[in-house]
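Subject: Structure handover and notes

Dear colleague,

Here is the structure that I promised to pass on to you.

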Amino acid sequence: MLFENGLLSTVGLEPRTEAIVLAAVDRRTAPVRPSDFLAAALSASDRQLLATITMALSPDAEIDHVRQIITVHNPPGSAREEFDGQRDRFSAAALRAMDEFDAARARDQAAGSELELLMLSVMRHLEIRVPILDTETVERVLREHIALASAPPATLFEGASGRLRSEMFTEAAWVVLQNACVRAAELGYDRVLPPHCLLALLAETEGLAERLVRLQVPAELGPSRVAEAVANALRISERAASPLQLRQEDLGDATVALLQDAHRLSQVWGVDRVGPQHLLGALLEDPPARLVLILEREPLRLNLATARRQLEQFLRDGQGKPPPEVPFRIPGDLLPSEDLTHTARTKGIPVAPHLDAPVELMTRALFRKSGNHVLITGHAGVGRTALVRELARRAATGKIQFLRHKRFVWADGRDVAPADSGRKLAAVFSHVAGRTDLVLCLDGLGQLLRGESGADHRMQLRAALTQGQVQLIGVLDATDYEDLFAGDQAVRSLVTRVELREPDREIALDMVDRVASGLAEEFGLEIEPKAVERAVGLCADYILNERLPRKAVAVLRRACEDLDFERTVMDGERQRVTTEDVITVVARLSGVPEGQLSGIDPAAGEDYEKALGAEVVGQEHAVKAVAEELRLIKFGLRAGSVLFFAGLTGTGKSELAKTLARFYSASKKLQVYTMGNFLEGHSVSGIIGVPAGYVGHERGGRLINDLNADPYCVFLLDEAEKAHPDVWKPFLNLFDEGWIEDQRGVRAHADRAIFILTSNAGSDKIAQLHREGATPAGVERAVRDHLPTMRHHHSREVVFPPEFLARIQRIIVFNPLDRAAMGGITRKVLEQRQRFWATRDKQLEVPETLVEHIADLADRRNRDANGQEGGRIVKKLIAEWVEDPIVRAATRDQRAYQTCDRIELVHRGQDVDVVFTSAVDSGRHG
């Protein structure tokens, strides 16, 4: 109690509190007022208390100005009569403050913050107004001091590794501490001490310590000479000590205390991370005696009290301002990178609410004390990168409290060559080692782990994760995960797998709609809501080689770019992306005609039969079977497919394969392997590559290279029955397990590819069965029975053993072409020729009688050849009855041909006449 039996007693007070109370009594006029306590505190040079007052001053005001105001209203007493300590020697306001202090001291028992408790009571009952001092701010900061004094010390180090927690420091402060380790070792120390931190602060380019030094030392000295003088005075060895790290064992006790003081100072000033200014403030608040001697003596003659005041002014000017956001960078020669935390705080990252479930799974994994790493798997385009960005956004905006100081850094390793992968992976891990505030997000982790000749870098990854060098979020394909980690229990125990699947249309629509608003803003355009719906629907149905939502976003972006081109380059006036724009882009990407796309409601279901049947005539059952297979692939019920097309030549087997490739493959190309070129067993090297030591070994296998270049490729294995049985052996594992390796050990996956084997074998039997009226099921059954009996022409071995045929999903028999099919093919080919002539600004008109005549001839010749001519005969007949007459007529009358707009064919029995008509000339006969 301050009063015992009505008399003032300072027994039991902390020394700094007792000094203020006695100083207030000494300066009284009469009676003692609260302003006497404040004046005594300002004159006591208590650094902690003065820092609190400084924070509440108006701009350009100083502590001395507060003293002057108090002196005006309550001048110090001139008489030094004996003070008897009676309660009535204190004003009513002072007594209220002292009683309140007594009660608070008894209640809170806050060791180390007693003076703050007293001043908090004094400020509440201050009898004079000080305009330049914000009393509310003083009270708030005093309460924070009290709370900090009672709180346990900050946990600066990780318990398991003993590493300093970098998330508690700004990027600039962390660099200072790293440089302090370097300077300590250079000077021969085995521990980092506070003076080494000062040397690192002085080394900051345009740093605060450098500026404070420049304000005091002569120009000829400068900060570098100050640092040199300090280093020379501290050096204990010319030989550098072992490298030091930011671990508890490498930091001296004085440095740990310095870091605690810096952390406390940052909190007092309302900043949640320690910056260089707080390190400097803690250092100046309680500098080591030896360092004071070095700095204040000749030749430096630095005044540390002045430096403290200047630092307080700097802190006051920057009060409430967060430290500048500086992005963390991985060197550009290693990997492209982006600091997602910096992006989220400065530019913003779009919200992705539909990722709540995987974000929660990742959050739980990152919270663990061990094994706190994540692997995100899934096909490209399903939102793997978006998931990482959403997690970073939530962490940066404080939605996930324990991650709010973590910095998420994304790096792209998808384009790293196997020859460079090990070196770059090691360099990236080295660059981020020791940073507890970093979460490294490696996209393309599978590519980074694959080395040359089938080697991998899993041991390197395992060591980095086990030793705590990095906290990792890896992004990779599901196939890479199975290849690299399925059998590695050691790595799998360190990570949590988060598998992303393609979202359904409803969720994808909402995700794409959010992105569409950003695209509209980026291009300064409007995007119709219906255009977004159609982009999602059409992409889901017709762009099968990519995944939602990315493929729909890509379509909208392309539509925006096209409209922007028309507006910018071609002076167009349209400002709105419509469904027609989306249809045009999807048609271009998928190969499906615009007319067909515009007539289909995506919500009504897929019409793959129509898309495929537009190019293949007379094989409705084959088109339907392939369309059904596409549906199974699209809905994830089948990973890739193996089909067998059997039938007579010219019935549309290759044409259907080409159409499927344009519809499904990313390259739009059909990869054709003529299996008749693989007659010998050793010719399998043309598929999987030649053994090491032979010419061309480094090129690898063609099939492996094609699969890796386009995982959604469509392969036509033509004339399959002609290949040597040994050639099919690698395909057994490929069709069963979904992967294949070449002679280099490079692996390729076929879980998204479609393989089509074609064969004319048994065509006579097929033709006979059709003539006899057999059902399609009966014909297919006969073909299935025939295939296992086929033997290779040279080796006489069975070409398609039962275990091979068991891996084929569908055997599809193509019907011999009838008259109706020949008519359809004729019209299709003539439409192609009409489009060709249109490119030459000439309209080709073919009468219906000629179309029917060509179809009749094609059907007759095909039947005469026992079905061996097929649809190819149509092109020969069109050349004979359409193209040859036009060429002969153009040769006879070149002027009429050159000036004509219209080419009309006139059919007369077994003859065809050609008429060239122009806009000015009514026409001439050829």
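Helix α2 passes helix α3 in a left-handed crossing, a term used when the near helix is turned anticlockwise from the far one by less than a right angle, whereas clockwise would be right-handed. The helices (H or I, at least four residues) and strands (E, at least two) named in this message are DSSP runs, numbered from the N terminus. Before going further, please keep in mind that this is a predicted model, in which local features need pLDDT of at least 70 and side-chain atom pairs count only at pLDDT 80 or more, while totals for chains, interfaces and linings use all residues. Residues are numbered from 1 along each chain as its sequence is written, and side-chain values use heavy atoms, with hydrogens and water left out.

The axes of α2 (residues 34-43) and α3 (residues 47-55) come within 9 Å and cross at roughly 115 degrees; such axes are lines fitted to C-alpha atoms, for helices over the stretch in contact, with angles running from 0 to 180 degrees between N-to-C directions. That angle makes α2 roughly perpendicular to α3, given that 65 to 115 degrees counts as roughly perpendicular, under 35 as roughly parallel, over 145 as roughly antiparallel and the rest as oblique. Contact (heavy atoms within 4.5 Å) is made by Leu38, Ala41 and Leu42 of α2 together with Leu49, Leu50 and Ile53 of α3.

Turning to the aromatic rings, a search of the whole structure finds 24 aromatic pairs, where rings of Phe, Tyr and Trp (its six-membered ring) pair if their centres lie within 6.5 Å, and planes under 30 degrees apart count as stacked, over 60 as edge-to-face and the rest as tilted. The rings of Phe367 and Phe402 form an edge-to-face pair, because their centres are 5.0 Å apart and their planes stand at 80 degrees. Phe367 lies in helix α17 (residues 356-367) and Phe402 in the loop between α18 (384-396) and β5 (407-412), so the pair ties together parts that are 35 residues apart in sequence. Phe367 counts as exposed at 51% relative accessibility, whereas Phe402 is partly exposed at 34%; here buried means under 20% relative accessible area, exposed over 50% and partly exposed in between (1.4 Å probe, protein chains only).

The rings of Phe735 and Phe804, by contrast, have their centres 5.9 Å apart and their planes at 55 degrees, so this pair is tilted. Phe735 is buried, with a relative accessible area of 12%, and Phe804 is buried too, at 1%. Both residues belong to one aromatic cluster, whose members include Tyr673 and Trp728.

Finally, some points about the backbone. Most residues other than glycine have a negative phi, and most peptide bonds are trans. The peptide bond from Ala30 to Pro31 is cis, with omega near -10 degrees, and Pro31 lies in the loop between α1 (15-27) and α2. Another cis peptide bond joins Glu298 and Pro299, with omega about 5 degrees. Arg796, a residue other than glycine, has a positive phi near 65 degrees and counts as partly exposed at 48% relative accessibility. Asp841 likewise has a positive phi, near 60 degrees, and counts as exposed at 63% relative accessibility.
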